[in-house]
Amino acid sequence: MNQPNEIAVQVSGLSKNYGAVQALRGVDLSIGAGEYFVLLGPSGGGKTTLLRLLGGFIRPSAGQILLHGRDVSEQPPNRRPTSMVFQSFALFPHMTVAQNVGYGLRLRRLPKAEIASRVDAMLELVGLSALAGRMPHALSGGQQQRVQLGRSLVLEADILLLDEPLAALDAKLRKDMCLELKHLQEQVGITFVHVTHNQEEAMTVADNMAIIANGELVETGTAQDLYENPRRRFTADFIGENNIFDGRVSGLTSGGVDVDLGFAILTVDAHGQTPRVGDNVSVSVRSELVRVLGRGEAPDALLQSVPATYGEAVYLGLATSHVASLANGDAIVARHISRGDASDVFEAEAQVTYAWPRARMRLHLS
Ligand code: ADP
Ligand code: MG
């Protein structure tokens with residue numbers, strides 16, 4: 001088993017250019033052994049590039065990759081402690097489920113009996129024992145994905161690399177498979193590095209995650225850290241539904257950092273950051289923390305409030321988004337739990353007050 005503090009992946013100054021395209025720029029990243037780690041970010045950000053660099057399918061333009069303490073930067077895939085689950089299923093169409101799962105072991109020329117017992121155990125683990133003799137074309141998407149997983153896991157690599165493993169599945173199946181992946185990782189105990197652009201998927205499976213965009217590592221943390229306390233404006237924008245206000249630091253007081261939006265001043269906690277007066281910064285607050293105050297309801301001192309012109313309600317089932325515009329024309333959104341009664345109805349163009357707890361605002365210096 002892995003030592004508690006062992007590092008599985010240590011990447012420093014990692015860059016990759018494809019001709020003039022800088023796909024990855026100076027990434028530093030550390031992943032603990034036995035972690036379920038997610039690389040999350042928008043399409044084109046460099047996630048697949050980073051994963052392929054870890055697996056050895058492409059070579060870095062600069063930087064170093066240590067896997068379990070060993071420099072593998074110049075090693076081919078088969079000399080690395082990694083196994084990859086590719087984005088497309090790519091099963092061998094002329095082989096049964098069991099033959100697909102055993103393929104890598106046959107390549108390694110392991111004894112027949114050992115192959116058979118390892119394949120059996122793997123089929124059991126991924127829930128495919130009953131389908132061992134099926135051909136891939138007779139499997140559902142979710143079953144095909146389990147075969148892929150089995151085929152990679154049976155090789156007993158220390159690090160499993162998964163590139164958008166659930167992207168081809170429909171939403172409901174993706175949710176179920178997410179939990180299966182999480183439980184599978186807990187059972188096998190090896191390090192998973194899972195690439196996705198889907199925030200919900202990332203939050204479901206990740207012990208820790210890194211946000212990757214424009215070839216750079218934006219921020220790392222647990223799902224809860226990044227959701228509750230995003231440091232970077234990009235993270236606040238990408239994770240959850242945040243209202244983001246851009247402004248300028250107009251004062252630093254014992255009460256916090258004053259951020260002038262032009263039509264209002266927000267006073268926000270610095271959370272250990274050190275802004276200077278005059279800096280361009282932004283402030284975020286999640287839409288589910290924002291309330292539209294009813295007529296005659298005055299905000300108390302713990303609330304930050306701003307005047308807004310009410311626009312419309314967007315019914316989302318569990319929640320209803322109340323969209324309004326601020327004095328500078330920007331939209332602001334308050335997401336209330338749907339009540340289905342008149343207490344939550346506001347007139348278009350009405351002058352309303354949007355308010356939220358001061359302590360829940362986050363300051364972003366960049
Ligand atoms: P992601 O997986 O986050 O969507 P990628 O790592 O696939 O991002 O791509 C990062 C950037 O590198 C994109 O701009 C993409 O177009 C570019 N890119 C990826 N692979 C190649 C390639 N083989 N040749 C040229 N450009 C590439
Ligand atoms: Mg990709």
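In this predicted model, the side chain of K47 places an N or O atom 2.8 Å from an oxygen atom of ligand 1. The side chain of T48 likewise has an N or O atom 2.8 Å from an oxygen atom of ligand 1. For T49, the distance from a polar side-chain atom to an oxygen atom of ligand 1 is 2.5 Å. A polar contact here is a pair of N or O atoms within 3.5 Å; within protein, one atom must be able to donate a hydrogen and the other to accept it, and residues adjacent in sequence count only if both atoms are side-chain atoms. On its own, ligand 1 has 560 Å² of accessible area, of which the protein covers 57%; such areas come from the Shrake-Rupley method with a 1.4 Å probe.

The model is predicted: local features need pLDDT of at least 70, side-chain atom pairs count only at pLDDT 80 or more, and totals for chains, interfaces and linings use all residues. Residues are numbered from 1 along each chain as its sequence is written, chains are lettered from A and ligands numbered from 1 in the order in which they are written, and side-chain values use heavy atoms, with hydrogens and water left out.

The shell around ligand 1 includes Y18, V21, A23, P42 and S43, together with G44, G45, G46, K47, T48 and T49; a residue is near if one of its heavy atoms lies within 4 Å. Four residues of this shell are nonpolar, six are polar and one is charged, with Gly counted among the polar residues. At least two shell residues come from each of β2 (21-32) and α1 (47-55). The largest share, three residues, is supplied by α1. Helices (H or I, at least four residues) and strands (E, at least two) are DSSP runs, numbered from the N terminus.

| Helix pair | Angle between axes | Distance between axes |
|---|---|---|
| α2 (97-107) and α3 (112-125) | about 130 degrees | 9 Å |
| α4 (141-153) and α5 (171-188) | about 20 degrees | 11 Å |
| α2 and α4 | roughly 30 degrees | within 7 Å |

Helix α2 is therefore oblique to α3, whereas α4 is roughly parallel to α5. The helices α2 and α4 are also roughly parallel to each other. Angles under 35 degrees count as roughly parallel, over 145 as roughly antiparallel, 65 to 115 as roughly perpendicular and the rest as oblique. The crossing is right-handed for α2 and α3, for α4 and α5, and for α2 and α4.

Key: Axes fitted to C-alpha atoms, helices over the stretch in contact; angles between N-to-C directions. Left-handed = near helix turned anticlockwise from the far one by under 90°.
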